[in-house]
Amino acid sequence: MQPLHGITVVTLEHAIAAPFATRQLADLGARVIKIERPGVGDFARGYDTRVRGIASHFVWTNRSKESLTLDVKHPEAQAILKRIIEEEADVVVQNLAPGAAARLGLSYEVLSAAKPGIIVCDISGYGDSGPYRDKKAYDLLIQSEAGFVSVTGTEDTPSKAGPSIADIAAGMYAYTNILAALLHRQQTGEGQHIDISMLESLTEWMGYPLYYSIDGAAPPKRTGASHATIYPYGPFPAGDGKTVMLGLQNEREWKAFCEQVLLQPALAADERFASNPLRVAARATLYDIIVTAFAGLSAAEVVQRLETAQIANAQVNTMAEVWAHPQLQERQRWTQVETSVGAVPALLPPGSWSRGAPRMDAVPALGQHTDSILSGLGYSATQLQALREEGAV
């Protein structure tokens with residue numbers, strides 16, 4: 001039995017933050033009923049067609065869910081939704097536009113009056129109060145507001161992260177807060193309201209650059225793929241044109257790097273590089289020394305020296321190389337999930353269980369479970385047809 005077996009989540013969600021949170025609840029065995037707009041659905045379904053005709057974002061964040069189409073502005077659909085919540089839901093999750101859930105009568109105050117044990121998780125850009133409460137928020141915008149863009153990229157060009165990390169951060173904190181709320185309810189019988197802010201989630205991840213620049217100090221410089229405050233730590237070209245990623249953490253490793261990798265033992269005693277702050281200050285000079293030492297070596301030869309010296313290193317893998325990564329293959333981290341276009345590969349959730357396994361069910365087609373869910377509520381085929389004709393489902 002999976003840990004959340006018997007827990008039902010009703011979610012009014014789109015894009016990434018809420019779907020990522022509820023997918024992880026589904027991974028743990030929760031029943032997740034995803035409410036989607038008839039004929040359109042979660043707009044992430046239309047982001048691209050890269051997974052054999054369906055959207056990459058949607059496949060990633062929506063496996064193991066049930067898709068129920070409801071036009072939540074239609075009175076009949078509203079009645080159905082409220083009935084499902086009252087009769088089935090342990091948790092309600094939403095990341096609609098600011099204020100939209102409350103206008104639909106889905107605020108914690110309204111829902112908890114009828115069902116005191118309900119857990120309601122609202123995910124938004126800036127939280128349910130404050131001057132930015134009603135401001136639109138997308139991942140790029142939150143990366144900017146949280147300061148992430150200001151410390152990422154090169155000296156000349158600030159950059160966002162490739163994946164939507166603000167959405168991912170908010171989804172992770174929603175997920176963990178919901179788990180904590182379920183534990184609290186188990187102990188006390190009390191439900192509660194959870195308010196998740198994308199800005200607050202990503203700002204938590206900015207702790208190091210924030211503290212680095214405390215009391216008005218200068219923030220970390222943008223240094224591309226190199227570390228802003230540790231050196232050498234980043235990418236270095238080898239003689240064959242390939243890039244080696246390496247990182248040093250302490251003086252013991254610096255000494256081993258000079259002696260066994262660069263084959264320049266005297267460099268370890270060079271006063272210009274006698275501590276990490278000095279190496280950071282002299283990074284341009286040290287970079288030239290390292291690149292010159294690597295110029296006569298292939299990337300494989302550099303990596304071999306690094307391994308012998310026990311210096312951390314990595315490949316800069318392409319997506320194709322990650323699909324075939326030998327560590328993921330050896331640990332059997334890939335499985336398959338079904339979709340409307342057939343089975344596709346899927347990475348198992350991080351963490352291996354000594355008892356049981358995560359749920360890895362299909363990615364739902366739009367409205368795939370509408371009939372079964374409503375039939376379970378007692379709606380007949382005739383009533384379902386009438387609801388369709390009215391545009392409610």
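A pocket here comes from a 1 Å grid over the protein atoms alone: an open set of points where a 1.4 Å probe fits, with protein on both sides within 12 Å along at least five of seven lines. Lining residues have an atom within 4 Å of a point. Grid points are joined across faces, edges and corners, and the volume is the space filled by probe spheres set on them.

Before going on, the ground rules. This is a predicted model: local features need pLDDT of at least 70, side-chain atom pairs count only at pLDDT 80 or more, and totals for chains, interfaces and linings use all residues. Residues are numbered from 1 along each chain as its sequence is written, and side-chain values use heavy atoms, with hydrogens and water left out.

Back to the second largest pocket. β2 (31–36), α4 (100–103), β5 (119–124) and α6 (139–145) each give two or more residues to its lining. Helices (H or I, at least four residues) and strands (E, at least two) are DSSP runs, numbered from the N terminus. By type, the lining splits into 20 nonpolar, 6 polar and 11 charged residues. Nonpolar is Ala, Val, Leu, Ile, Met, Phe, Trp, Tyr, Cys and Pro; charged is Asp, Glu, Lys and Arg; the others, Gly among them, are polar.

Now the largest pocket. It has about 1200 Å³ of space. Of its 35 lining residues, Ser56, Trp60, Trp323, Trp334 and Leu347 are closest to the centre. Which elements supply at least two residues each to this lining? They are α1 (17–27), α2 (56–61), α7 (165–188), α14 (319–323), β10 (334–337) and β11 (344–347). The lining counts 24 nonpolar, 6 polar and 5 charged residues.

Take α1. Why is α1 called largely enclosed by the rest of the structure? Because 11 of its 11 residues are buried. Buried means under 20% relative accessible area, with a 1.4 Å probe and protein chains only. Charged Arg23 and Asp27 are among those buried residues. Just after α1, glycine 29 takes a positive phi of about 105°.

Last, the whole chain. It has 17 helices and 11 strands. Its C-alpha trace spans about 85 × 50 × 40 Å along the principal axes. Of the 393 residues, 45% are buried. Contacts are heavy atoms within 4.5 Å. Among those with a separation of 6 or more, 66% join residues 24 or more positions apart.

Definitions and conventions
Buried means under 20% relative accessible area, exposed over 50%, partly exposed in between (1.4 Å probe, protein chains only).
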